[in-house]
Amino acid sequence: MEKFEDLIQSSVPVLVDFFAEWCGPCKAMKPVLEELKLIVGDKARIAKIDVDQHEDLATKYRIQAVPTFILFKNGEAVWRHSGVIHSSELQGIIEKHYS
């Protein structure tokens with residue numbers, strides 16, 4: 001996988017899901033994100049970051065609860081949400097940031 005910093009520099013919106021394997025709500029979001037990926041296709045990317053394996057990133061982005069979603073565009077965090085969220089809401093947020 002490409003380096004995280006390179007990934008978020010994209011002009012294509014990148015939705016990052018900061019999650020943990022032991023997190024029930026994170027598991028509930030998996031099918032939502034899979035559905036979202038089918039809907040947005042190449043217009044956005046979705047990346048998953050395990051906070052237990054990437055503690056440095058979790059600290060850098062002040063992740064205090066999982067799941068936490070951050071939408072990046074051109075290296076800048078343009079939206080953030082902690083907790084379960086409906087796929088249609090995520091889709092709307094991503095669509096606002098299409099190139």
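Analyst: Helices and strands here are DSSP runs, numbered from the N terminus: a helix is H or I with at least four residues, a strand is E with at least two. Along the sequence, the pattern reads α-β-α-β-α-β-β-α. That gives four helices and four strands.

This is a predicted model, in which local features need pLDDT of at least 70, side-chain atom pairs count only at pLDDT 80 or more, and totals for chains, interfaces and linings use all residues. Residues are numbered from 1 along each chain as its sequence is written, and side-chain values use heavy atoms, with hydrogens and water left out.

The C-alpha trace spans about 35 × 25 × 20 Å along its principal axes. The radius of gyration, taken over C-alpha atoms, is compared with a globule rule of 2.2 Å times the number of residues to the power 0.38. For 99 residues, a compact globule would come near 13 Å, and the protein's 12 Å agrees with that. A contact means heavy atoms within 4.5 Å. Of the contacts with a separation of 6 or more, 69% join residues 24 or more positions apart.

Buried residues are 42% of the 99.

Now the charges. Lys and Arg count as positive, Asp and Glu as negative, while His and the chain ends are not counted. Each charge is placed at NZ of Lys, CZ of Arg, CG of Asp or CD of Glu. There are 12 positive and 15 negative charges, and their mean positions are 3 Å apart.

Side chains of opposite charge can pair when their charged atoms come close. A salt bridge needs a side-chain nitrogen of Lys or Arg within 4 Å of a carboxyl oxygen of Asp or Glu. By this rule there are two salt bridges.

Take Lys60 and Glu5. Their side chains meet at 2.9 Å, N to O. Lys60 sits in helix H3 (residues 55-60) and Glu5 in helix H1 (residues 4-8), so this pair links distant parts of the chain, 55 residues apart. Lys60 is partly exposed, at 46% relative accessible area. Glu5 is also partly exposed, at 32%.

Then take Asp17 and Lys48. Their side chains form a salt bridge of 2.8 Å, N to O. Asp17 belongs to strand E1 (residues 14-19) and Lys48 to strand E2 (residues 45-50), so the pair ties together parts 31 residues apart in sequence. Asp17 is buried, at 1% relative accessibility. Lys48 is partly exposed, at 37%.

Last, the backbone. Most residues other than glycine have a negative phi, and most peptide bonds are trans.

The loop between H3 and E3 holds Arg62. Arg62 is exposed, with 59% relative accessible area. Pro67 lies in the loop between H3 and strand E3 (68-73) too.

Asn74 is in the loop between E3 and strand E4 (76-82). Asn74 counts as partly exposed, at 47% relative accessibility.

Conventions: Buried < 20%, exposed > 50% of the residue type's maximum accessible area, 1.4 Å probe, protein only.
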